[in-house]
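User: Could we go through the aromatic contacts in this structure?

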Amino acid sequence: MHNLKLISASAGSGKTYSLTRMVLDEVASGTAPDRIMAVTFTNKAAAELTERIRQKLVQPDEETIRDRNIDPMEMRSQAASLSDAYIGTVNSICARLLREFAFEAGLSPSIDILPEEEAGRLFLLAVSRQIGEFHPRLAGPARRLGRDGGGSGFQQRPDWKKDVQKIVDLARANGLSASDIHSMAKESLDGLVEMLGRPSKTVSDQGLLDHLEQALGSIQKIDDATGTTAKAITSLRRCHHAVSHGYALWSDWSTMAGLSAGKRSGADACLDELRDYALRVQHHPDLHRDVETLIEGVFECAADAMDAFDAYKGANGLMDFVDQESKVLALLDHPAVCQRLRERIDLVMVDEFQDTSPIQMALFAKLGGLVNRSVWVGDQKQAIYGFRGADPQLMDEVIARVNDDQLDVLEHSWRSRPELVRFANTLFEKAFAGLISPERVRLTPQRVDHHEQGGALGLWHLHGSRKELRFAALAEGIGRLLRGAGLWRVEDRETGELRSLKANDIAVLCRTNGHCAEVAEALGRHGIPASYGRGSLFASPVCVVALAGMRLLLDCDDRLALTELARYLPGHTSASGWLNTLVHDPDAA
């Protein structure tokens, strides 16, 4: 990492501006724009960075012209070569490299890339046989451990089949093989067993039944009509029935360990021995057997599923984003490819580095070893999303390994009002204490408030036991805010003058896309216009089927089109045999 510059850039600290200036500096010093590789994580970010750079090249500002002693006409002429630069998302750049070096990679220049939203669905289709083979073995332990996907809504339990997919996704993001997954089952199991402790024959279902009966007998003799005691008796009876009939979950033991009843009447004391016994569930021999069966089975299934998924994609000429990254990583070991990239690229820039996965980290490191300079920009505070296998610890490790002169911190906030910046400083400095140094958390506000502006912070309490009521209360609050818009003055982006608040000045952040839709509906009922991302029309099932059908008419060997049709046509959502028939018998299409 001797040629690496790492930039810690908080939100609003001028990250895109800094990246643009770096590119201009490179161009001003004689580097052609097409010799720069800039990697982002979204198409929107890539388009914004490209447009910013193009604008500065076509119309360089006076500061750039003066400080760098450049010829504006020369800068404008360089803008034409920007379209040849490697600027885009990780996967768009990987796709371009695989096309350009298809011969060295042993691939066809024409590759069908699975859209990210399709890859997960196709995975379950491709590995349905493996899931079916393991289901009889894992169904019982998964149900008792609460990982069978049962329940609904907020009460829906995790699903071991999704655990299989997650293990495969993480293994592939780390460049691991199916044999690596096999070896990890024991490590995972050993770690959990160490936490649980040794099993003991003194803990059993019969022991729990005896304590349940004793607790029920004692608590029913007490005259206590409180709701707490009534709920406790109901829970005791339900658990007794579940255990005695063999359908109890291990979580029922935890429920009994935390059960409470009326204290004044003495009912709660009747539960003491039951609670103490239920707390010993971690030593139950059957729990240890269920844990061992489920962990070993899930890892074995994941290893088999990984091989099956790779075979399915290979047979149908398909590739997903992780395949792209893996193949480019292998391609960067090819001497001829490395030499051509050394001759082609001088600078590698990585934006939003905190969203990097291990395999992407390996890619950036190898690319950085081929060029004169690398610049990685990120914000540890924003590394919270687990974006496609992202590992926040990677940025921590890089910061720990670089020299002080290789690390820059953007210290100023250019976006937010001073009161908001100070609030964020106070909040995040404490939240990240011991994890991130204060100088990489704290920002100095650069904006200046107008004298007429009021406060920048407010607090609303939304009452309502259901989300529908809370969303309605939120919409009513926004309505009152707009009706009293003169109390909240905002700075107009175009004029810089203060004006009254408008509906399009307000953003509502929600946890899920479904919540966004419900909030928008609630606002609509109050006559407040609202827009939210509804997804692309082309991603709707009708359009997917229509486009796939048209592509299939043009090319009966289009495997991606066949896969999309196999998923959406009625009666064929899991019939891989139907797809194979179409692949090997084009006339059947």
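Analyst: The answers below concern ring pairs and charges over rings.
Analyst: This is a predicted model, in which local features need pLDDT of at least 70, side-chain atom pairs count only at pLDDT 80 or more, and totals for chains, interfaces and linings use all residues. Residues are numbered from 1 along each chain as its sequence is written, and side-chain values use heavy atoms, with hydrogens and water left out.

User: How many aromatic pairs does a search of the whole structure find?
Analyst: The search finds six aromatic pairs; rings of Phe, Tyr and Trp (its six-membered ring) pair if their centres lie within 6.5 Å, and planes under 30 degrees apart count as stacked, over 60 as edge-to-face and the rest as tilted.

User: How are the rings of F123 and F309 arranged?
Analyst: Their planes are at 80° and their centres 5.2 Å apart, so this pair is edge-to-face.

User: Where in the chain are F123 and F309?
Analyst: F123 is in helix α7 (residues 116-126) and F309 in helix α15 (residues 285-315), so the pair links distant parts of the chain, 186 residues apart. Helices here are DSSP runs (H or I, at least four residues), numbered from the N terminus.

User: Is F123 buried or exposed?
Analyst: F123 is buried, at 2% relative accessible area; buried means under 20%, exposed over 50% and partly exposed in between (1.4 Å probe, protein chains only). F309 is also buried, at 3%.

User: Changing topic, which residue lies over the face of F309?
Analyst: K313 does, at 4.2 Å from the ring centre. A charge sits over a ring if NZ of Lys or CZ of Arg is within 6 Å of the ring centre and within 35 degrees of the ring normal.

Note on methods:
Helices (H or I, at least four residues) and strands (E, at least two) are DSSP runs, numbered from the N terminus.
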